[in-house]
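Reader: Could you walk me through this structure, one piece at a time? I am new to this, so please spell things out.

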Amino acid sequence: MRVVIASYNTHGGVGLDRRFAPHNIARVIGELGADIVALQELHAPADGCDMLELLRDATGLFAIAGPTMTRNDGVFGNGLLTRFPVRSIEHVKLDVARREPRGAIDAILDVHGTPLRVIATHLGLSPRERHEQIARLLDVARLREHMPTVLLGDLNEWFVQRRALRWLHEHFGESPARATFPSLLPILALDRIWCVPASAMRNVRVHRSRLARVASDHLPLLAELDLDDAAVHHAIPAHAA
């Protein structure tokens, strides 16, 4: 039972030509063929197009909103698109004092009878901020260690030896770092995907179509998840006992 998962920072629907063109984001998502897509930097202008609603309608997927802040020009934040029914949704606050509000969507999906937990996030710009946010996310992840879990999103972390990233590897297992930013000439692996159990994840790759290179300043990151493998090999980590 293979599931294709993706993470995509949409840059507020603004392409490299500086025009608001969310239909281009919808077309890129269509190219991915993904079953689950974590989205960052979604914009719902107060007097215009709600990006998540547009992407939901264009793809035919279920949509979960994860707004993190309301500005004068509308609502801004995360989202999740999924082909699978949603069993539960929780919103995790990752705000750090004097920094831009951040958060995560913690959803349990029903993948043909198998529960799959998906935690989708977008972390802050400062190392101290990310350090605190990753510690919080790991506390949340440890609450339901009995089920296969995916953590994905824009972590804004380009230094692969950072201590907080090592924490993620210790909990989820090693995950390949693929450069996704900037989209025209990617050199930084800001967007990441982890899975427990790590053995269930396959073929982590970057989507590099012509449209993807200009629709946003990030390229989408994809992976395949083998839930048969997860069901057979997943075990509760020792520290959870």
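**Cysteines, fold and contacts**

Author: Let us begin with a cysteine: Cys-195 counts as buried, because its relative accessibility is 2%, under the 20% cut-off. Please keep in mind throughout that this is a predicted model.

Reader: And Cys-49, how accessible is that one?

Author: Cys-49 has a relative accessibility of 26%, so it counts as partly exposed, a class that lies between the 20% and 50% cut-offs.

Reader: How many disulfides does the structure hold?

Author: The structure holds zero disulfides. As background, a disulfide is a covalent bond that joins the sulfur atoms of two cysteines.

Reader: Okay, stepping back, how many helices and strands are in the chain?

Author: The chain has six helices and eleven strands. Its radius of gyration is 17 Å, which is close to the 18 Å that the globule rule gives for 241 residues, so the chain is as compact as a globular protein of that length. Along the principal axes, the C-alpha trace spans about 50 × 40 × 35 Å.

Reader: What share of the residues counts as buried?

Author: Of the 241 residues in the chain, 55% count as buried. As for the surface, the chain exposes about 10700 Å², and carbon and sulfur atoms supply 53% of that area.

Reader: Can we zoom in on Gly-77? Where does it lie, and is it buried or exposed?

Author: Gly-77 lies in strand S4, which covers residues 74-82, and with a relative accessible area of 6% it is buried.

Reader: Which residues is Gly-77 in contact with?

Author: Leaving aside its neighbours within four places in sequence, Gly-77 is in contact with Gln-40, Glu-41, Leu-42, Gly-66, Pro-67 and Thr-68. Gly-66 is eleven residues away from Gly-77 in sequence, while the C-alpha atoms of the two are 6.0 Å apart in space.

Reader: New topic: which residues of H4 are buried, and what do they pack against?

Author: The buried residues in H4 are Ala-164, Leu-165, Leu-168, His-169, His-171 and Phe-172. The buried residues of this helix pack against helix H3 (127-141), strand S8 (149-154) and strand S9.

Reader: And what follows H4?

Author: H4 is followed by Gly-173, whose phi is positive, near 95°. Leu-185 lies in the loop between helix H4 (163-172) and strand S9 (191-196).

Reader: Is Leu-185 buried or exposed?

Author: Leu-185 is exposed, because its relative accessible area of 63% is over the 50% cut-off.

Reader: How many salt bridges does the structure hold?

Author: The structure holds 17 salt bridges. One of them brings together the side chains of Asp-57 and Arg-56, at 3.0 Å from N to O. Asp-57 is exposed, with a relative accessible area of 56%, whereas Arg-56 counts as partly exposed at 33%.

Reader: What does Arg-87 form a salt bridge with?

Author: Arg-87 forms a salt bridge with Asp-110, and the closest N and O atoms are 3.6 Å apart. Arg-87 lies in strand S5 (residues 86-93) and Asp-110 in strand S6 (residues 103-111), so the pair ties together parts that are 23 residues apart in sequence. Arg-87 counts as partly exposed at 47% relative accessibility, and Asp-110 counts as partly exposed at 23%.

Reader: Which residue does Asp-106 pair with?

Author: Asp-106 forms a salt bridge with Arg-144, with the closest N and O atoms 3.7 Å apart. This pair links distant parts of the chain, since Asp-106 is in strand S6 and Arg-144 is in the loop between H3 and S8, 38 residues apart. Asp-106 is buried, with a relative accessible area of 2%, while Arg-144 counts as partly exposed at 22% relative accessibility.

Reader: Last one: which residues are linked in a network of salt bridges?

Author: The residues linked in a network of salt bridges are Arg-2, Arg-202, Arg-205, Glu-224 and Asp-226.

Definitions and conventions:
Residues are numbered from 1 along each chain as its sequence is written. This is a predicted model: local features need pLDDT of at least 70, side-chain atom pairs count only at pLDDT 80 or more; totals for chains, interfaces and linings use all residues. Side-chain values use heavy atoms; hydrogens and water are left out. Helices (H or I, at least four residues) and strands (E, at least two) are DSSP runs, numbered from the N terminus. Buried means under 20% relative accessible area, exposed over 50%, partly exposed in between (1.4 Å probe, protein chains only). Contact means heavy atoms within 4.5 Å. A disulfide is a pair of cysteine sulfur atoms within 2.5 Å. The radius of gyration is taken over C-alpha atoms; the globule rule is 2.2 Å times the number of residues to the power 0.38. Accessible areas come from the Shrake-Rupley method with a 1.4 Å probe; for residues, only the protein chains shown count as cover. A salt bridge is a side-chain nitrogen of Lys or Arg within 4 Å of a carboxyl oxygen of Asp or Glu.
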